[in-house]
Amino acid sequence: MLRDDGPLAGVPAAGRLPLPEPLLLAAALLVAVPGAALLPGWLDGAAAGTADGAAAGAAWTWPWAWVAAGLVLAVLGRFGGVPARLAWPAPALLRAVEYGAVLVLAGGSAGSYGLLAALAFHHYDVVYRLQLLHRGPPRWFEVATGGWPGRMVLLVVAAASGQLDRLVAPAAIVLGAVFVTESVVTWRRAA
Amino acid sequence: MTAVVLLALRASDDGQPAALLDHDGVPTIARLLAQLDAQDADPARIVVVTRPAWLEAVAAAVSGVEVRGVDRTAALRLAAGHDPDEALVVLDGHVVADEVALGRLVDVGARGTAAALVADGARADGVPVRVTRGRVVAAGSDHHRLAHGSHRAPGGLRVAAADRARLADLVERLVALDLPQVPAGEDLVALLLVGLVRDGVPVTATVLPAGSVWRRVDTRAELVDAHAQQAAVDPERVRLDAAVKSDDGFFTTFLVSSYSRYVARWAARRGLHPDQVTVASLLVGLVAAAAFALGTLPGMVAGAVLLQVAFMLDCVDGQLARYTRRFTVRGAWLDSVSDRAKEYAVLAGLALGGVRTDGDETVWLLAGAALALQTFRHVLDLGYAEQQRADVARAVVRPLEDLDDVASFWERVPLATPARVEPPIVVRTSTPASACVDAGSSLARSAVATLRRAEDVPVLKWAKRIVVLPIGERFALISLVAVFGSPRAVFVALLAWGGLATAYTLGGRLIRSVA
């Protein structure tokens with residue numbers, strides 16, 4: 001619930017891979033955020049310096065490709081083993097991957113800040129709800145809003161098709177409205 | 001509906017009931033009953049339990065309540081109360097307490113099982129108990145030995161209606177244990193507390209406000225001393241001081257709470273509700289964000305000042321709720337959400353102001369990074385706290401019959417007093433790898449011990465709290481750097497200090513996980 005897994009939430013998965021989840025998530029974070037921010041530039045520069053520049057424009061120069069790779073690692077992480085005493089950083093790492101990906105791919109505009117604020121509102125609201133009401137949002141809602149896997153897939157697709165800058169602000173408004181409405185409705189009913 | 005059981009089983013040094021020692025002609029137990037009456041306790045639901053030999057004397061001293069003179073077994077059963085559908089308060093009849101302390105335990109609004117506790121110290125009275133994450137995890141009694149206590153339980157217990165059935169069961173088990181008699185009078189409250197804790201019932205640690213009085217008195221000299229202590233206490237002062245959280249950051253504690261408590265009291269007198277103060281704080285915060293968005297220096301100054309006002313009001317709403325003992329779930333949610341809304345609105349305002357002054361949109365990237373970092377830290381902290389709570393709840397509970405209790409190795413959470421954690425004795429064949437792990441582990445343990453000892457040195461204790469950049473320090477940083485620097489500088493400062501704080505906290509937690 002805290003993890004906001006969306007469609008992955010119901011899947012019984014822990015322990016299928018021999019690798020520990022925190023490790024995979026940390027790797028996902030490194031690839032998706034500093035990786036996507038820095039590596040395309042370096043590799044592009046390195047390629048241009050060597051051969052005929054034909055390598056420029058290849059997949060590794062696209063930040064969204066690195067974010068996609070990070071996303072794959074994060075999803076794999078969901079299927080990794082979880083050593084009991086190291087399970088606590090997982091939700092935070094998932095937040096870092098998602099928010100970091102938004103910053104890398106769409107950062108530098110009011111719209112991307114708005115998107116982050118909408119996501120942060122929902123994530124904080126879920127935490128406080130769990131602490132105070134001992135229940136989270138309904139499962140269908142979590143799936144419908146995508147969870148981190150769903151939203152990140154949309155993010156990568158939008159970035160790949162070049163539409164991300166146009167879509168960020170509307171997405172922030174829509175998502176923000178949806179999250180706030182659901183929260184208010186729940187709290188009205190609970191109070 | 002709360003039932004109250006008063007135990008007058010303790011003998012004073014002259015063999016008479018300690019509860020009948022009188023001060024100014026009023027026996028202790030009569031005074032206690034009057035205080036309970038002032039707390040709106042229903043006399044029909046109060047039972048005084050005493051020894052058969054003292055029945056007449058005690059019945060004469062109290063009026064209007066039922067008195068029973070019974071032996072120890074029946075006393076235990078009576079202490080568990082009759083009607084299982086109501087909450088129960090069990091008190092020692094020879095307690096001298098002020099109304100603030102008593103009110104905490106008898107608090108009709110509170111739910112859940114709780115034990116009244118005082119901090120361990122020279123003057124502290126009662127059996128030692130160990131508290132972790134707000135819960136009593138171990139307790140001693142006249143028969144159960146406890147090592148490494150953090151607080152003391154001076155004879156006050158509240159049992160929620162939901163836990164009454166378990167209380168009745170464990171009383172039968174206590175009776176079956178046939179523990180040796182204690183001539184001077186047994187501490188039955190402690191025995192019940194041990195029973196509840198050993199049965200796995202979550203017992204909240206209700207630590208009585210510092211400066212309030214709660215003492216059990218069994219000699220005349222102590223009685224005089226206790227009343228002198230009580231006379232010196234200003235209940236209003238105690239209630240006001242207790243309204244302030246003791247674990248806040250440096251900036252909050254010294255630069256805000258020192259005066260915000262008076263604002264809280266003023267608000268209480270005006271009949272304001274904590275939620276109203278929360279909303280006011282949010283509105284002022286939003287105006288601060290708008291001021292920052294202007295981008296001009298006057299805008300920065302106005303925003304900085306308004307932000308501090310908003311923060312002060314935010315401290316007030318919590319203090320008001322604690323002062324008036326009015327807690328609501330919705331209020332807690334509103335408080336937390338409005339904190340986040342203020343902070344992230346202010347960051348947006350600063351970014352807008354930054355774009356207005358130099359037209360560079362990349363400042364939004366820095367703002368977003370600051371938001372992301374802060375959220376990351378919060379979720380990290382919350383995940384860690386959840387795991388610790390789960391650890392405490394899942395802990396292996398020693399059976400009631402076990403009269404010994406040593407700090408067990410699973411307790412990785414810090415104890416209130418620095419204690420030497422004894423590792424389990426394990427016979428292992430030693431390999432180079434395991435030797436490395438052992439060396440690292442013992443190094444980690446000494447690091448943890450050093451960090452804990454630092455809590456005793458005030459400068460280090462506050463330094464630790466400042467490093468982690470709590471909300472007070474964050475808002476102060478934003479205000480200062482906005483005025484003397486620029487929006488961009490604010491974000492850089494938040495990211496730099498926040499990054500350091502994250503590394504510090506993570507490092508500490510990782511060390512503790514391997515200790």
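# Exercises on a predicted two-chain model

B:Arg261 is buried, with a relative accessible area of 15%.

**Exercise 1.** Find which residue forms a salt bridge with B:Arg261, and where the two partners lie.

Solution. 
- Step 1. The partner is B:Asp241, with the closest N and O atoms 2.6 Å apart. The cut-off for a salt bridge is 4 Å, so the pair counts.
- Step 2. B:Arg261 belongs to helix H9 of chain B and B:Asp241 to helix H8, and 20 residues separate them. The pair thus links distant parts of the chain.
- Step 3. B:Asp241 also forms a salt bridge with B:Arg237, at 3.3 Å between the closest N and O atoms. Here both residues sit in helix H8 (residues 235-242), 4 residues apart, about one turn of the helix.
- Step 4. Buried means under 20% relative accessible area. B:Arg261 at 15% is therefore buried, whereas B:Arg237 at 36% is partly exposed and B:Asp241 at 32% is partly exposed.

**Exercise 2.** Describe the salt bridge between B:Arg488 and B:Asp360.

Solution. 
- Step 1. The N to O distance between these side chains is 2.8 Å.
- Step 2. B:Arg488 is in helix H17 of chain B, and B:Asp360 is in the loop between H12 and H13, 128 residues apart.
- Step 3. B:Arg488 is partly exposed, with a relative accessible area of 29%. B:Asp360 is also partly exposed, with a value of 29%.
- Step 4. Elsewhere, shared partners join the salt bridges of B:Asp92, B:Asp125, B:Asp187 and B:Arg216 into one network. Over all chains, the search finds 28 salt bridges.

**Exercise 3.** Characterise the interface of chain B and chain A: what area is buried, and which residues and helices of chain B take part?

Solution. 
- Step 1. The contact involves 34 residues from chain B and 31 residues from chain A.
- Step 2. About 3,000 Å² is buried between the chains, and carbon and sulfur atoms give 76% of that area. On the chain B side, B:Trp333, B:Trp364 and B:Val379 lose the most area to chain A, together 21% of what that side buries.
- Step 3. Helices H12 (329-358), H13 (363-394) and H17 (487-514) of chain B each supply at least two residues to the side that touches chain A. H13(B) gives the largest share, 19 residues.
- Step 4. By class, the chain B side divides into 19 nonpolar, 8 polar and 7 charged residues.

**Exercise 4.** Classify the ring pair B:Phe251 and B:Phe311.

Solution. 
- Step 1. The ring centres are 6.4 Å apart and the planes stand at 40 degrees, so the pair is tilted.
- Step 2. B:Phe251 lies in helix H9 (residues 250-269) and B:Phe311 in helix H11 (residues 297-323) of chain B, 60 residues apart.
- Step 3. Both phenylalanines are buried.
- Step 4. The count of aromatic pairs over all chains is 12. One aromatic cluster is formed by A:Tyr124, A:Tyr128 and B:Tyr344.

How values were computed. Residues numbered from 1 in each chain as written. Chains lettered and ligands numbered in written order. Predicted model: local features only at pLDDT ≥ 70, side-chain atom pairs only at ≥ 80, totals over all residues. Heavy atoms only, no water. Contact = heavy atoms within 4.5 Å. Buried area = accessible area lost by both parts, 1.4 Å probe. Nonpolar A, V, L, I, M, F, W, Y, C, P; charged D, E, K, R; others polar. Phe/Tyr/Trp six-rings, centres within 6.5 Å; stacked < 30°, edge-to-face > 60°. Buried < 20%, exposed > 50% of the residue type's maximum accessible area, 1.4 Å probe, protein only.
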